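Take a look at the chain below. The paragraphs after it walk through its parts one at a time.

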Amino acid sequence: MLELLAPPPADPLWDLAGEFAADPRPERLNLVLGVYRDGTGVTPVMSAVREAEARLAERSDSKEYRGLSGNTSFNRLMLSAVLETEARTARATAVQTVAGTGALRLLADLVRRTRPGTTVWISDPAYVNHQPILEAAGLKVRTYRTRDADGLPDETGLLDDLRAAGHHDVVLLQGCCHNPTGSDPSFAAWEALAELASANGWLPFVDLAYHGLGDGFEADLQPTRMLSDRLPEMLIAVSCSKNFGLYSERTGCAIVLGPTRQTLRHVETALQNAARTLYSMPPEHGAAVVTTILADDALRSLWREELDAMRGRITANRADLVGNLRALGCSDLAEPLARQKGMFSMLPLGSDAMRRLRRQFAVYGTASGRINIAGIPAHRIPYLAQGVAAVCDSAPGAHVAPAVPAPR
Ligand SMILES: Cc1ncc(COP(=O)(O)O)c(C=O)c1O
């Protein structure tokens, strides 16, 4: 029977990651996947996570099933971490999920169960997995603008497009550090979005995957909290992959704000039903680690310090890349980058230039021009800048091999 299977499309990001792994050139630089790497190129286990794991190993006494909502202490602590005040958490429910992806999928499933065939608006460009997840859940997808023809943030376009979102539509918004562009709406634009949602009745669905890596943990959550204050209902997918460094532990939660406790009870049961048919229950370890950290003042402070240090390194990397591009006379490339934040930046380069960057300089970014700013070892930034300048036709010295010595 399996010979009937038509060849499925490969995943574009993991395909490139595979190409990178097979590249023998010592100067190769992997900026494809969204993982934080320290100055030595390693994705570290945070000290707060190590300490939490040591404590858990000491006291672990059972691996019994947890229940359909996962670890309920984790859910409670995540609600407070994201929504901050009792006034907001009292209007919300949370279910532990298999990371941010699981939260997106369960919430999409909730939308389909509530109203089959609902249209969900996503950004253009969007996180590569948004459309597939929504369509896999049986939803329709439309897009709204985020950038103008020069690749600069386009808040007018964003608001104009979303004026067409109707009463029963859902609008998926990235809460901070937009993937792939690194450009977030201003707070004023977020407020305009809240007004639009309130006037037109669409439901905001916020995807939080990078909070803590833009302007700081609390600052990055401000738009989400403001929306939750101004609107009666809201969906939030939360990932602990990046800000706790728990990528492979698949840790996250789905949060829903609703008008009454009874509605929220129905919502929780619907999310549990969806999880039951997909994976039954989420894995415990990452949630236990996050719970141990968030429930302990000292561990929580240590985690925040480490998160701030990660953010500082990302910001310094971006500033350094911008400085190097300016020094090479590539201000047109540098200026958009200077205004971006978070793990990713979008180079204003087409897929041909990105291919040349890969072939000539062994620098791997996505075909759309996205690079992982958090994945660049600091001493390789001049090399990256020279590679980018060389493949960019508009830059002085285009197509000149970089004069930077071979990497360490
Ligand atoms: C915008 C966005 N949302 C959600 C996710 C899902 O993250 P995970 O499932 O690893 O927690 C990612 C991962 O890259 C992302 O970039």
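A residue is buried if 20 or more other C-beta atoms lie within 10 Å of its own, exposed if 12 or fewer, and partly exposed in between, with C-beta atoms placed from the backbone. This is a predicted model: local features need pLDDT of at least 70, side-chain atom pairs count only at pLDDT 80 or more, and totals for chains, interfaces and linings use all residues. Residues are numbered from 1 along each chain as its sequence is written. Helices (H or I, at least four residues) and strands (E, at least two) are DSSP runs, numbered from the N terminus.

Start with the domains. Their bounds come from an automatic or database domain assignment. Domain 1 covers 11-44 + 312-391, and domain 2 covers 65-295. Their centres, taken over C-alpha atoms, are separated by 28 Å. Across the boundary, 21 residues of domain 1 are in contact with 19 residues of domain 2. Two residues are in contact if their C-beta atoms, placed from the backbone, lie within 7 Å. On the side of domain 1 that touches domain 2, α1 (12-21) and β9 each supply at least two residues. The most comes from β9, with three residues. By class, this side of domain 1 has eleven nonpolar, seven polar and three charged residues. Here Ala, Val, Leu, Ile, Met, Phe, Trp, Tyr, Cys and Pro count as nonpolar, Asp, Glu, Lys and Arg as charged, and the others, Gly among them, as polar.

Next comes the ligand. Which residues are around the ligand? They are Gly34, Ala99, Gly100, Thr101, Tyr127, Gln174, Asn179, Asp207, Ala209, Ser239, Ser241 and Gly252. The test is a C-beta atom, placed from the backbone, within 6 Å of the molecule. Helix α5 (residues 99-114) gives the most to this shell, with three residues. The shell has three nonpolar, eight polar and one charged residues.

Ala99, one of the residues around the ligand, has a positive phi of about 60° although it is not a glycine. Ala99 lies in helix α5. It counts as buried, because 24 C-beta neighbours lie inside 10 Å. Asn179 is also in the shell. A cis peptide bond joins Asn179 to Pro180, with omega about 20°. Pro180 sits in the loop between β5 (170-174) and α8 (187-200).

Other backbone features lie elsewhere in the chain. The peptide bond from Asp124 to Pro125 is cis, with omega near 0°. Pro125 belongs to the loop between β3 (119-124) and α6 (130-136). Ser280 has a positive phi of about 70° and is not a glycine. Its place is the loop between α10 (261-278) and α11. Is Ser280 buried or exposed? Ser280 is exposed, because 10 other C-beta atoms lie within 10 Å.

Now turn to a helix pair. Two packed helices are described by the angle between their axes and the distance between the axes. Helix α2 (residues 47-59) and helix α11 (residues 285-294) pack at about 105°, with axes 9 Å apart. The axes are lines fitted to C-alpha atoms, for helices over the stretch in contact, and angles run from 0 to 180 degrees between N-to-C directions. The two helices, α2 and α11, are therefore roughly perpendicular (angles of 65 to 115 degrees). From α2 the contact takes Ala48, Val49, Ala52, Glu53, Arg55 and Leu56, and from α11 it takes Ala288, Val289, Thr292 and Ile293. By class, the contact has seven nonpolar, one polar and two charged residues.

Leaving aside neighbours within four places in sequence, Ile381 is in contact with Asn317, Asp320, Leu321, Asn324 and Ile376. The C-alpha atoms of Ile381 and Ala87 are separated by 46 Å, and the two residues are 294 apart along the chain.

Helix α13 (residues 331-338) has buried residues too: Leu333, Ala334, Pro336 and Leu337. Their cover includes α12 (297-327), β9 (344-346) and α15 (381-391).

Terms used:
Parallel < 35°, antiparallel > 145°, perpendicular 65-115°, else oblique.
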